[in-house]
Amino acid sequence: MTHPGDPTRPDDTSPPTRLLSRVTLSGPDLGTVDLEFEGDTPPDGGTAARADVTSTEGARTDLSSTDAGSTDVPDFDPRLYEAALPRPDPLSAEAFLPVLAPQQFAALLDDLRGELSLVPDEATRAALHSRARLLALNVEGYRVNHEQARSALTRVLAETGVGVRSSWERQQEHLNFMNAASGGVERDYEAATAAIEQARAHRFEALVSVGARPDTTGAEDLYTQQAVMTLAREGHAIRPPEQKSGSKRVFNAFAVFSKFFVGIISGVSINLLFNPESRLYLTLIALTAGVMFSVLLLWLVDELAYRAKLAPGTPGMAHPRAYTAGILAVTALYLGVEGFLNWDGILRVTAEIAANAAQQGQLTDLSAAPETDTAPQHWSLLTFTLALVGMAAGAAFIQGRERARTVLERERLAARVAELKAQGTLEDAARAADHVTYLERARDRLAPPRDVTSPDHARLNERVLNHWEQERDSQVQGISARLLAEAQGLQATLEEFAAQVQAARFPRPRRGLRALLG
């Protein structure tokens with residue numbers, strides 16, 4: 001592709017393309033655009049043009065050599081784009097002198113003194129000459145005061161400017177520090193993100209190569225998956241933990257409730273046996289004793305069932321038959337005690353019912369009645385009570401076995417995980433699985449180095465800056481006010497003298513009687 005002015009196009013008659021070296025704006029409204037091309041001589045001489053041409057050619061040569069020799073992009077320099085504080089313009093004393101210069105008052109006085117020769121009256125002219133000399137002294141005094149005020153203002157601006165400039169420099173240094181820190185952290189964050197993406201790709205390949213799920217996020221999960229897979233291949237599958245289903249919750253609630261319910265039944269039986277007068281404190285003691293007896297024995301059943309399940313594979317424990325015998329003994333003791341208490345309670349209640357009936361005259365003759373078997377006929381109550389006790393003991397036994405099974409499966413899984421770790425076949429995949437997590441944690445720890453003194457530094461800098469500005473404003477206002485009052489007084493005096501000169505040069509014509517008397 002060719003452009004107009006390209007020497008490779010012989011049929012092109014357009015002027016050759018010139019490189020633009022400088023663009024300047026001029027005019028009161030910056031509306032005039034001046035273009036300078038390479039080879040043109042600027043108004044201030046050819047040195048700047050040569051320097052611009054040389055720098056442009058050097059830059060073009062470097063760019064062409066960079067493009068031709070290598071494809072590397074030059075390093076980005078963030079300092080060129082750092083936010084900077086606005087730099088205040090230097091202050092001058094003339095900006096704080098809202099008065100006329102002494103030369104202007106002197107020029108006005110010279111003009112007025114030149115008009116004194118046109119005054120016709122000699123006495124008036126002499127008086128005005130004397131007043132003009134006094135005014136010349138006043139103007140000279142104003143010039144001296146003006147120079148002193150200018151010197152004082154220059155000194156005040158110089159003294160306060162040191163503090164203001166130092167405050168601005170400290171603020172700029174702090175801003176540069178925070179910009180550099182933030183830029184460095186941003187570049188480190190981008191580099192860490194790129195490393196994390198690369199680690200994720202490597203993790204995916206490593207997990208797929210060993211047959212693990214690609215969404216595995218840690219080495220422990222990887223080893224657990226592989227251990228479960230190897231146990232399943234060997235026929236010893238790990239049953240996952242049971243979910244908290246409705247039936248499971250109901251069973252656990254029954255197992256807990258049964259301990260206290262049969263304990264209350266035992267307490268009622270003890271109360272009937274040892275508290276015929278039904279005293280309150282004895283009733284409470286009986287109920288408490290029955291609940292404690294029931295909970296203790298059922299906890300023994302649970303613990304013995306747990307130990308019987310763990311005994312075959314745990315060294316140092318007794319034979320499982322010993323724990324089984326203990327379970328049978330505790331259950332028999334529990335059933336025997338509950339049966340005796342309920343049997344005795346049934347007998348006692350039956351006897352009391354018969355005695356109450358005899359006292360009320362509902363039975364005609366108890367002695368004449370044939371003797372019957374003293375055994376109560378309430379077998380259903382005794383059977384139901386013993387059935388509840390057996391169910392509670394069975395629930396405790398099942399809970400103990402289930403707890404032992406969970407522990408055994410966890411230990412078997414942990415043993416297989418330790419075996420896989422010792423083999424070292426999954427070491428690379430495990431390292432790849434954990435490497436992403438480590439990189440993410442390292443990226444989360446990235447933070448700019450916080451300047452702990454920045455709040456105090458900013459407040460102190462602001463107080464120092466306000467102090468110097470207030471000091472400058474107060475001194476400048478005092479000096480300017482005094483000089484302004486003097487300038488206004490001198491101007492009023494010169495205006496009055498100009499009016500007197502004009503009145504002396506052009507006296508009012510006298511008319512009427514005053515003209516005749518004059």
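Predicted model: local features only at pLDDT ≥ 70, side-chain atom pairs only at ≥ 80, totals over all residues.
## Terms and basis

A salt bridge is taken here as a side-chain nitrogen of Lys or Arg lying within 4 Å of a carboxyl oxygen of Asp or Glu. Residues are numbered from 1 along each chain as its sequence is written, and side-chain values use heavy atoms, with hydrogens and water left out.

## Salt bridges

A search of the whole structure returns 19 salt bridges. One of them joins the side chains of Glu115 and Arg505, with an N to O distance of 3.7 Å. Because Glu115 lies in the loop between helix H2 (102-114) and helix H3 (122-210), while Arg505 belongs to helix H10 (residues 454-505), this pair ties together parts that are 390 residues apart in sequence. Glu115 is partly exposed at a relative accessible area of 22%, and Arg505 likewise counts as partly exposed at 22%, where buried means under 20% relative accessible area, exposed over 50%, and partly exposed in between (1.4 Å probe, protein chains only).

Other pairs lie within a single helix. In helix H9, Arg431 forms a salt bridge with Asp428, their closest N and O atoms being 3.3 Å apart, and the two residues are three apart, about one turn of the helix. Arg431 is partly exposed at 48% relative accessible area, whereas Asp428, at 57%, counts as exposed. Salt bridges with shared partners also join Asp302, Glu303, Arg307 and Arg403 into one network. In helix H3, Arg143 and Glu140 form a salt bridge whose closest N and O atoms are 2.3 Å apart, and these residues, three apart, are separated by about one helical turn. Both are partly exposed, Arg143 at 33% relative accessibility and Glu140 at 37%.

## A buried lysine

Lys259, which is found in helix H5 (residues 246-274), is buried yet has no salt bridge, the nearest side chain of opposite charge being that of Asp302, 4.7 Å away. For charge, Lys and Arg count as positive and Asp and Glu as negative, while His and the chain ends are not counted. Leaving aside residues up to four places away in sequence, Lys259 touches Ser294, Val295, Leu298 and Gln399, a contact being heavy atoms within 4.5 Å.

## Overall architecture

The protein has 11 helices and two strands, taken as DSSP runs numbered from the N terminus (helices H or I, at least four residues; strands E, at least two). Of the 518 residues, 26% are buried. Among contacts between residues at least 6 apart in sequence, 74% join residues at least 24 apart. The protein exposes about 34,500 Å², of which carbon and sulfur atoms supply 59%, as computed by the Shrake-Rupley method with a 1.4 Å probe.

## Confidence

The mean pLDDT of the protein is 76, and 71% of its residues reach 70 or more.

Technical notes:
pLDDT = per-residue confidence, 0-100.
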